[in-house]
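Let's take a friendly walk through a protein chain. Keep the picture open beside you as you read.

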Amino acid sequence: MAIADPAAVTMNLPRRDARDKLLGRTRFTVDRKLPRMLHAAILRSEAASARIVKIDVTRAKQMPGVRAIALAEDAPGMHGIGIADHPLFASDVIRFYGEQIAAVAADTYEQAQAALRAIEVELEPLPAVLTMAEALAPGARLIHPGWKNYEVLFEGGARGGNVAWEATVIRGDIDAAFARDDVVVVESCFRVGRQNHVSLEPRAVIATYEDGRYHIETSTQVPWTVRNQTAKLLGVPASQVHVTVPPVGGAFGQKFDCTLEPYAAILARKAGLPVRLVYSRQEEMLTCLCRENAEIKMRSAVTREGDIVGREAVVLMDCGAYGGEQIFLTTMTAHTLMGNYKLGSVKAATRAVYTNTAPNGAFRACNGVYNTFALERHTDEICEAIGMDPLEFRRRNVLGDGDLGATGQVFEGDVLGPMLDRMAAMREKSPPKKDLADDRLYGRATVVGTWFVFVGPSAATINLNADGSATLITAGVEIGQGTMVQALPQIVAHELGIHPDDVIVRNADTDAAGFDLGVGGGRTTVSVGAASKAAAAVVRQKILETASELLQTRPEGLVLRNGRVELAGVEGSGMTIAKVVQRAHQVTGPVVGSGSFTNPGVAAMPGCAAGHFIDAIDIPVFNVHDCEVAVDPETGHVEILSYKVVQDVGRALNPRAIHGQIQGGVTQGIGYALHEEHTIGEDGCIRQNSLETYRVPLALDTLAIEIDLYEGAPSIGPLGVKGAGEVPVMNPPAAIACAVANATACRIQQTPLTPPRVLGYLLGREPAVELPHIADNWWDNVLMKRPS
């Protein structure tokens, strides 16, 4: 059978949903209504730490319009990642400001709010542990005194006290590396704050309970997670929960979890009517599942020639009151903070630490963003210490073919080195923008980054319709990234010889589609794409077999092209795919194919990693960013003069779509670097509770990004693709911070680089980041026992 030209899959396919979204015609979950639908609201704690003495809902039940009230007794189960430590409602104790105490469903939202105010809650205040330093102090109050009794969902992580999870990696003789007399030891400390996703559509759900089953229509990235977690919390079989997902108005990782859906489901069952629950913008800000605040202490042993013979690090991640995504994300340090470069020996620990603050969660490229900031600033400090040019040092040390990663996996292909060469060529083509700085301080930096594609299981089914079109059924979700309306139709169309516009993509439905890990980590094009390609291959074979009989030609001599089955090399011959499908209906039945995919697994060095959910990365994704800045010495304001990106994409199926992802990702990274930060007040409440107080990038804060897509790096993705949406956000904080450091000759140790902070650096008033609660001796920071 002749295979279509692989190059033909590449096209700048427009988004089929763009027009309706631009005109406001797309109906997101937040826009949907059902007859007799009730409105729900959540009663939240206004204390960060307290014992619940009494909850009385007597008056609330009698309020006008109230149809149902839910409390902890309605959902006694616990959920979580790695460990089940998180109840749906607070019952005995309050662990963070904003924790859910009760939920009310009423005829109107105003009536639900009035009922909340009628609920009597008596609390006995307890001391709040608001920082990781407090949580790790000797004798600190335990936020979870019963931590030993929690169900362990994933074995291998160390736990204890206020440490929800600890992941470690040890490779090589690190002590010998630091004891060498020919090395320079460089130590750095960094601190970063929380970042809010600020999705245009807030978290929203409509739940019904009919015929003994829950139907949940929700704005989520993970329909199967919502299905399974809701069932667990409600104590019912997962088959009794049906999840569908309309178009999602942005997520960026915030909706990579089950959050508000169980509340609506419980209320729908109790009331016997549909229930709508939508978080307000204030609720979104106060209980966002932010990119977590973190503290990093690292040191490296480097020879004067520029070889990194040893590196050790401790990363503290504030998971808030419950472990959540941060337990899983402890895995990432080994592949990001300890990534990019060849390391002779490695010792790293990442700890998810409980505090009495709102739980954190996943956010685009997760802790890779601040780990890259720390790593690249540390790299520049190394270069300063040994007197080596930063670009020369990076070229010497970036990972290449056959090099060992932190956990001992062997990398394939020389990618970062050639990408640095590409960036050098881009820099040569456009002269420096130093003249635009005027009287301001000018700085420039080039940085590298390593991320990876989460793979994992996905399934797909394709129905080939009688008119020659195809219907693709998966649990993939369109969250704005374009994969479901661009990349997947392109992959399926390429396999079937039709136009992508003739591929209908069904919205996610757990009753119709097979299991899927969810949309995130750049995995959709790879995992769902691979499953879709496999399903299309089954359909393709069926079509060729039927056409073979009709055309009296062996399947190997046929090709699918332009909606036709043709004799190979004879354009316009044969017949339309629609006619073949119609014939198949008569002789074999409907033409249907299913496919699946999961991660094949890449070997790590046995015994290196402990507590890691991913020991080695299946698909590394690299990027190189270059940034020029001007810093106003009078105000501390940072202006970005130019920004360049070389991104590893495997194969660019849709270059225009990838350019859009890079432009958006860099802009989001600029926000994290220069503006965005949630801080915690003395009462444990997030201070920035609206878009008036939380600063996101505006149109004038960004600029046109110069982009070079690097193709050809090894990838197990279909047609050689890699995920493109996560990695663009990784490097901007690093690139901007390194450029500002070069402009100001100041030691930049934290983000965001707001004008007051930068001015503080310039005036010598910004205190150095010191982390005394992270011990100098690495072993004093970890729960694992030192080998004897």
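At a relative accessibility of 4%, T303 counts as buried, because buried means under 20%. This is a predicted model, so every value here is computed from the predicted atoms. You can find T303 in strand β18, which covers residues 294-303. Leaving aside residues up to four places away in sequence, T303 touches R180, D182, V183, V309 and I386.

Another threonine to look up is T208, in strand β14 (residues 204-210). Is T208 buried or exposed? At 10% relative accessibility, T208 counts as buried. With residues up to four places away in sequence again left out, T208 touches L34, R213, Y214, H215, A268 and P274.

**Aromatic rings**

Now turn to the rings. A pair of aromatic rings is described by the distance of the centres and the angle of the planes. How many aromatic pairs does a search of the whole structure find? The search finds 16. Two of them are set out here.

| Pair | Centre to centre | Angle between planes | Arrangement |
|---|---|---|---|
| F154 and F613 | 4.1 Å | 15° | stacked |
| W224 and F515 | 5.6 Å | 65° | edge-to-face |

Where do F154 and F613 sit? F154 lies in the loop between β10 (151-152) and β11 (158-160), while F613 lies in the loop between β29 (609-610) and β30 (619-631). The pair therefore ties together parts that are 459 residues apart in sequence. F154 has a relative accessibility of 28%, so this residue counts as partly exposed. Both F154 and F613 also belong to one aromatic cluster, together with W165, F328, W451, F452 and F454.

The pair of W224 and F515 also links distant parts of the chain, 291 residues apart. W224 is in helix α6 (residues 223-234), and F515 is in the loop between β24 (503-505) and α15 (524-551). W224 is buried, with a relative accessible area of 11%, whereas F515 counts as partly exposed at 38% relative accessibility.

Rings can have charged neighbours too. The charged end of R44 sits over the ring of Y279, at 4.9 Å from the ring centre. R291 lies over the face of Y672, and here the distance to the ring centre is 5.2 Å.

**Helices that pack together**

Two packed helices are described by the angle between their axes and the distance between the axes. Start with α6, the helix that holds W224. The axes of α6 and helix α7 (residues 261-271) come within 10 Å and cross at roughly 55°. That angle makes α6 oblique to α7. On the α6 side, the contact is made by V226, T230, L233 and L234, and on the α7 side by E261, P262, A265 and I266. The crossing of α6 and α7 is right-handed.

Next, look at helix α11 (residues 368-386) and helix α18 (residues 732-744), which pack with their axes 8 Å apart at an angle of about 30°. In α11, the residues V369, T372, F373, E376, R377 and D380 meet P733, A734, A737, C738 and A741 in α18.

Methods: Residues numbered from 1 in each chain as written. Predicted model: local features only at pLDDT ≥ 70, side-chain atom pairs only at ≥ 80, totals over all residues. Heavy atoms only, no water. Phe/Tyr/Trp six-rings, centres within 6.5 Å; stacked < 30°, edge-to-face > 60°. Helix = DSSP H or I, 4+ residues; strand = E, 2+ residues; numbered from the N terminus. Buried < 20%, exposed > 50% of the residue type's maximum accessible area, 1.4 Å probe, protein only. Lys NZ or Arg CZ within 6 Å of the ring centre and 35° of its normal. Axes fitted to C-alpha atoms, helices over the stretch in contact; angles between N-to-C directions. Parallel < 35°, antiparallel > 145°, perpendicular 65-115°, else oblique. Left-handed = near helix turned anticlockwise from the far one by under 90°. Contact = heavy atoms within 4.5 Å.
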